[in-house]
Amino acid sequence: MMTQEQCTHRNNVQSSEKPQVYKVGIYGWRKRCLYFFVLLLMILILINLALTIWILKVMNFTIDGMGKLRITEKGLKLEGASEFLEPLYAKEIQSKPGRPLFLQSSRNVSVNIVNSKNQLLTQLVTGSSGFQAKGKLFEVKSTSGKLLFSADEQEVVVGAERLRVMGAEGAVFSKSVETPHVRAEPFKELRLESPTRSLLMEAPKGIQILAEAGDIQAICRNELRLESKDGEISLDARRIRLMRLPEGKASTSSSSSGNRQTVYEVCVCPNGRLFLSQAGTGSTCQISNNVCL
């Protein structure tokens with residue numbers, strides 16, 4: 001056992017020693033590095049905040065939209081020219097009331113209609129080579145809904161009241177033309193011409209050629225035929241002139257007074273050819289039929 005003196009001596013020794021202090025935290029170069037990183041982080045936050053505010057200011061971000069793009073109840077609204085670098089999917093595209101809709105492209109503008117299987121049904125292409133439309137039917141209508149032009153695989157229909165061809169060569173048809181009425185413009189000539197082939201006009205109930213304020217000319221190189229199978233051909237005019245008809249030569253006995261004769265009669269050959277013969281007291285067609293040979 002420890003005596004009382006030993007305990008007193010030990011307490012005196014412990015009281016004479018200094019108490020030990022333990023430091024808690026970061027000190028020295030670690031503390032300086034921590035403060036440096038905190039300061040750098042604050043600077044980056046301020047720069048990021050300034051850039052964000054600048055982007056919002058430049059892009060004109062508002063509650064209603066961004067820049068020229070506005071979000072409305074009916075959809076998106078763009079003001080001014082807009083450029084799309086990727087495909088645009090929209091249900092409806094329309095311009096402002098009273099303003100045109102302008103589409104511009106450096107190559108072409110294509111409008112495609114596809115089905116559920118992504119198969120092309122209708123295509124509209126406008127490019128540098130021209131205007132192309134692909135589809136089963138192409139129609140052009142007026143504001144009142146009247147059909148002006150229609151085209152499909154079977155036929156082409158022009159529904160306008162007048163078809164005007166402004167070309168100098170007129171209209172060229174490689175096949176037949178079916179129409180109930182062919183009429184020229186007022187004070188203009190109507191000319192039907194076939195330079196290298198024949199011209200045939202046919203109608204089941206007749207053909208009417210009418211010129212109310214001018215002349216009618218039918219010119220051909222070989223033959224001009226007027227044929228009526230079940231009816232007749234009538235020439236109704238105040239004056240009928242048959243130009244350049246051949247003249248038949250009469251026999252010697254009947255031509256004694258031919259020098260003083262100025263009246264002729266029109267004769268018809270069995271083959272239908274016409275010729276002139278000097279008129280006499282009787283018919284001279286029988287004795288002047290050398291033209292029919």
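The structure is a predicted model, and its protein chain holds 2 helices and 11 strands. Along the sequence these elements follow the pattern α-α-β-β-β-β-β-β-β-β-β-β-β. Of the 293 residues in the protein chain, buried residues make up 5%.

**A helical segment with a record annotation**

- UniProt, in an unreviewed entry, places the feature "transmembrane region" at residues 33-56.

**The hairpin of E10 and E11**

- Strand E10, which covers residues 264-268, pairs with E11 in the antiparallel sense, and the pairing runs over 5 bridges.
- The two strands E10 and E11 form a hairpin with 5 residues between them, and Gly272 in the turn has a positive phi of about 95°.
- In a regular strand the side chains alternate between the two faces of the sheet.
- Strand E11, residues 274-278, has a covered face made of Phe275 and Ser277, whereas Leu274, Leu276 and Gln278 belong to its uncovered face.
- Phe275, on the covered face of E11, is also the bridge partner of Cys267.

**Aromatic pairs**

- A search of the whole structure finds 2 aromatic pairs.
- Phe36 and Phe37 form an edge-to-face pair, with 5.9 Å from centre to centre and 65° between the planes.
- Both residues of this pair are exposed, since the relative accessible area of Phe36 is 52% and the relative accessibility of Phe37 is 53%, while the cut-off for exposed is over 50%.
- Phe138 and Phe149 have ring centres 6.3 Å apart and planes at 70°, so this pair is edge-to-face as well.
- Because Phe138 lies in strand E7 (residues 138-141) and Phe149 in strand E8 (residues 147-151), the pair ties together parts that are 11 residues apart in sequence.
- Phe138 counts as partly exposed at 38% relative accessibility, and Phe149 also counts as partly exposed, at 29%.

**The second largest pocket**

- The second largest pocket has a volume of about 2,300 Å³.
- It is lined by 39 residues, and those closest to its centre are Phe84, Leu88, Ile93, Leu101 and Leu103.
- Strand E2 (69-72), strand E3 (75-78) and strand E4 (108-114) are the elements that give two or more residues to the lining of this pocket, and E4 provides the largest share, with 6 residues.
- Sorted by class, the lining of the second largest pocket consists of 19 nonpolar, 11 polar and 9 charged residues.

- Most residues other than glycine have a negative phi, and most peptide bonds are trans.
- Asn118 is not a glycine, yet it has a positive phi of about 65°.
- Asn118 is found in the loop between E4 and strand E5 (120-127), and it counts as exposed because its relative accessibility is 62%, where the cut-off is over 50%.
- Arg244, which is also a residue other than glycine, has a positive phi near 60°.
- Arg244 lies in the loop between strand E9 (156-158) and E10, and at 84% relative accessibility Arg244 counts as exposed.

Key. Residues are numbered from 1 along each chain as its sequence is written. This is a predicted model: local features need pLDDT of at least 70, side-chain atom pairs count only at pLDDT 80 or more; totals for chains, interfaces and linings use all residues. Side-chain values use heavy atoms; hydrogens and water are left out. Buried means under 20% relative accessible area, exposed over 50%, partly exposed in between (1.4 Å probe, protein chains only). Helices (H or I, at least four residues) and strands (E, at least two) are DSSP runs, numbered from the N terminus. Two strands pair if DSSP finds at least two bridges between them. UniProt positions are given in the numbering used here, feature names are shortened, and annotations may be inferred rather than shown by experiment. Rings of Phe, Tyr and Trp (its six-membered ring) pair if their centres lie within 6.5 Å; planes under 30 degrees apart count as stacked, over 60 as edge-to-face and the rest as tilted. On a 1 Å grid over the protein atoms alone, a cavity is a set of points where a 1.4 Å probe fits but cannot get out, and a pocket is an open set with protein on both sides within 12 Å along at least five of seven lines; lining residues have an atom within 4 Å of a point. Grid points are joined across faces, edges and corners, and a volume is the space filled by probe spheres set on the points. Ala, Val, Leu, Ile, Met, Phe, Trp, Tyr, Cys and Pro count as nonpolar, Asp, Glu, Lys and Arg as charged, and the others, Gly among them, as polar.
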